[in-house]
Amino acid sequence: MKSKGQKTSPYWNPILETLPLEEMRKLQVKKFRRIVKWAYERSKFHRKLYQEAGLKPGDIRSYDDIAKVPKVEKAMMRGIQRKDPFPYGDALCVPLEEVTEFRQTSGTTGVPVYQPDTWQDWEWWAEAWSYILYAQGYRKTDRVFLPFGYNIFVAFWAGHYAAEKLGCEVVPGGVLDTEARILKIQELRATAMMATPTYVLGMADTAKKKLGIDPAKDLTIRKITCAGEPGASIPSTKQRMEEAWGAKVYDHVGATEIGAWGYECTAQSGGLHVNEALFLTQLEDVETGEIIEEPGRRGKVVITALDRMAQPCIRFDSKDVTEWSKDPCPCGRTFRVIKGGIAGRSDDITKIKGVLLAPTAIEEVVRSIPGLASEFEVVVTKKGDLDDITLKIEILPEAEGKRDPLLAQLKDQLRLKTNLGYNIEVHPFNSLPRYEVKAKRFKDLRKHE
Ligand SMILES: [Zn+2]
């Protein structure tokens with residue numbers, strides 16, 4: 001361990017992270033008015049959107065007025081790009097020469113959206129990530145390993161810069177393959193890392209099988225920050241990762257178009273704080289559009305990045321579905337908590353046989369049964385007029401003898417947690433696809449039939 005000076009507060013920003021909600025509301029309204037005015041005056045796209053809704057920036061006077069501002073969806077951004085100022089088009093709010101960062105969305109749901117940032121925006125990204133890492137116990141004494149492909153997607157790029165901002169030592173494990181990354185972690189005695197849940201589990205597998213290394217005993221990683229998939233907020237997946245690495249595993253949520261807007265803290269209270277200082281996060285009833293303030297009722301996240309300037313994110317429909325927690329977090333932060341992280345995407349939470357299903361519920365069940373491997377796949381098809389769900393799983397070699405009781409347990413738990421029946425297909429161990437980035441384990445083929 002290196003010895004460097006330590007900041008003593010448990011909070012990255014002791015004032016903002018403990019601000020009473022009423023004070024925070026005032027600050028949010030002030031910043032919201034500022035970003036709407038900024039976009040109205042500079043972005044053709046926002047001005048047209050607001051004019052069509054009969055809205056002027058001055059019309060927003062209170063917190064309740066915010067709901068009058070039209071929402072923006074990813075699909076709307078696609079239509080205004082790939083023209084001058086090239087390639088960003090109509091939502092760019094700064095002169096093109098002010099842009100220093102290019103990123104784009106992964107394009108898994110269609111044509112990628114380009115995301116420009118200025119240097120000031122990029123520092124803002126690092127600031128947002130500093131809240132996350134500091135709350136998860138990252139300090140100057142940490143040596144942080146980043147086992148991800150540094151490329152055109154934002155992924156952990158800002159996590160890298162935030163770790164530097166905190167004074168950690170950062171090791172970029174870019175183009176190394178999985179085995180080389182594990183060996184480098186061992187050689188350097190890295191203490192923390194950032195990766196997707198799928199990759200965290202995959203690395204542990206590779207370490208054991210290919211290198212004879214047990215990450216929990218032979219490596220020194222004690223903190224892992226996850227992103228990209230909901231796994232770190234799914235208790236059974238979190239437990240598998242924590243046991244495999246002998247480390248604390250923390251979740252965070254973010255998106256290219258929004259920023260890094262929520263994080264779990266070391267209290268691990270079963271939810272993620274939303275960063276109220278840098279974002280205005282609202283939950284909206286999926287059917288009525290009503291703003292949900294009360295705990296326990298699911299809605300989709302509509303979010304504003306209050307300080308992002310080059311291509312503003314104002315009332316963005318993230319499609320993420322979650323609910324407010326009723327309990328404050330024991331860590332003392334006043335930033336509200338979304339219970340259980342993100343339950344799924346409003347596009348994925350789908351009606352099957354008339355029942356609402358969140359794919360995360362299936363993951364929770366599969367990974368809570370010790371004899372099953374971590375990989376699985378769900379395929380929904382239509383047979384005649386009836387929906388049909390197939391769940392593909394693998395049984396661990398050491399649990400083969402218990403196949404029948406395992407399958408019975410799986411069926412019972414699925415019925416209990418999701419109210420649905422499944423065709424279970426057992427596939428040979430290690431035969432289902434392993435993913436390095438965002439896993440695609442849920443396939444709804446009904447739309448294509
Ligand atoms: Zn907390």
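Two residues are taken to be in contact when they have heavy atoms within 4.5 Å of each other. In this predicted model, of the contacts in the protein chain with a separation of 6 or more, 69% are accounted for by residues 24 or more positions apart.

The chain is built from 11 helices and 22 strands, and its C-alpha trace spans about 70 × 65 × 45 Å along the principal axes. Because a compact globule with 449 residues would have a radius of gyration near 22 Å, the 22 Å of the protein chain agrees with that expectation. Buried residues make up 56% of the 449 residues. The accessible surface comes to about 19600 Å², and carbon and sulfur atoms hold 53% of that area. As for charge, the mean position of the 68 positive charges lies 1 Å from that of the 63 negative charges.

The largest nonpolar core has 85 residues, and the members that touch the most others are Phe 32, Trp 129, Leu 133, Met 194, Trp 261 and Phe 279. To this core helix H4, covering residues 119-135, gives the most, with 10 residues.

| Nonpolar core | Size | Members, among them |
|---|---|---|
| Largest core | 85 residues | Phe 32, Trp 129, Leu 133, Met 194 |

Leaving aside neighbours within four places in sequence, Trp 261 is in contact with Val 253, Gly 254, His 273, Val 274, Asn 275, Phe 279, Thr 281, Val 301, Ile 303, Asp 320, Ile 338 and Ile 342.

Notes:
Residues are numbered from 1 along each chain as its sequence is written. This is a predicted model: local features need pLDDT of at least 70, side-chain atom pairs count only at pLDDT 80 or more; totals for chains, interfaces and linings use all residues. Side-chain values use heavy atoms; hydrogens and water are left out. A nonpolar core is a set of buried Ala, Val, Leu, Ile, Met, Phe, Trp, Tyr and Cys residues joined through side-chain atoms within 4.5 Å. Buried means under 20% relative accessible area, exposed over 50%, partly exposed in between (1.4 Å probe, protein chains only). Helices (H or I, at least four residues) and strands (E, at least two) are DSSP runs, numbered from the N terminus. The radius of gyration is taken over C-alpha atoms; the globule rule is 2.2 Å times the number of residues to the power 0.38. Accessible areas come from the Shrake-Rupley method with a 1.4 Å probe; for residues, only the protein chains shown count as cover. Lys and Arg count as positive and Asp and Glu as negative; His and the chain ends are not counted. The place of a charge is taken as NZ of Lys, CZ of Arg, CG of Asp or CD of Glu.
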